[in-house]
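Hello,

Here is the structure I promised to pass on. Please have a look at it first; my notes follow below.

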Amino acid sequence: MQGSSSNVATVNFFTKFTSSEQFEKVFREGMSLVEETANYLDGPGRLDARVLERHGAIAYATESMRLTTRLMQLASWLLLQRAIGAGELTVDDARKETHRISLNDIGKGHDLAGAGDLPDALKALVDRSLTLHQRIQKLDSMISAQTSTAQMPSPVNDQIDRLASMLKVARG
């Protein structure tokens, strides 16, 4: 019985979080940044990349790959949280999927030769994605802390569960 009460607390937290204005704002920002980045890389970014010297072109290719990888990981995390909140996934099912999302490996990376030649538009997208990445890492830490706290056995909950069991036996 104790396990069921901790699962309920976890689901309620996720539901409350994913229906919050804070989550919705981060979700919209993330999805908008994905779309904006795709539009830039498929349009003006192609033209910007063509005029770069060799080191700049390599830096552009590397940084655009980092950017798209980072954004896909962030979008996956956001979509996973939304699916939990909508009841499309249970927290346990989501845990099985989280191994596919790596928020730790998608940071800035090492400096690149030719990075100074990158177009300002790409630099701005990278900076915004790194800021979003930091925010999502904080949110993920908060969720993880809440989830592990909710799953820890509580002496108070144990006592309440025992009392409820005794009352059922006494009534029944």
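Phe 27 is buried, with a relative accessible area of 8%. Bear in mind that this is a predicted model. Phe 23 is buried as well, at a relative accessible area of 0%. Both residues belong to helix H2, four residues apart, or about one turn of the helix.

A search of the whole structure turns up one aromatic pair. Its members are Phe 23 and Phe 27: the ring centres are 5.9 Å apart and the planes meet at 40°, so the pair counts as tilted. Phe 27 also has a charge over its ring. The charged end of Arg 82 sits there, 3.6 Å from the ring centre.

**The core**

The largest nonpolar core has 34 residues. Tyr 60, Trp 77, Leu 78, Leu 103, Leu 122 and Ile 136 touch the most other members. Helices H2 (21-42), H4 (54-85), H5 (91-98) and H6 (120-151) each give two or more residues to this core. H4 gives the most, with 10 residues.

Take Leu 78. Beyond four places away in sequence, Leu 78 touches Phe 23, Val 26, Phe 27, Gly 30, Met 31 and Ile 136.

**Arg 70**

One more residue to check. Arg 70 lies in helix H4. Arg 70 is buried yet has no salt bridge. Which side chain of opposite charge is nearest? That is Glu 63, 4.3 Å away.

Best wishes

Note on methods: Residues are numbered from 1 along each chain as its sequence is written. This is a predicted model: local features need pLDDT of at least 70, side-chain atom pairs count only at pLDDT 80 or more; totals for chains, interfaces and linings use all residues. Side-chain values use heavy atoms; hydrogens and water are left out. A nonpolar core is a set of buried Ala, Val, Leu, Ile, Met, Phe, Trp, Tyr and Cys residues joined through side-chain atoms within 4.5 Å. Buried means under 20% relative accessible area, exposed over 50%, partly exposed in between (1.4 Å probe, protein chains only). Contact means heavy atoms within 4.5 Å. Lys and Arg count as positive and Asp and Glu as negative; His and the chain ends are not counted. A salt bridge is a side-chain nitrogen of Lys or Arg within 4 Å of a carboxyl oxygen of Asp or Glu. Rings of Phe, Tyr and Trp (its six-membered ring) pair if their centres lie within 6.5 Å; planes under 30 degrees apart count as stacked, over 60 as edge-to-face and the rest as tilted. A charge sits over a ring if NZ of Lys or CZ of Arg is within 6 Å of the ring centre and within 35 degrees of the ring normal.
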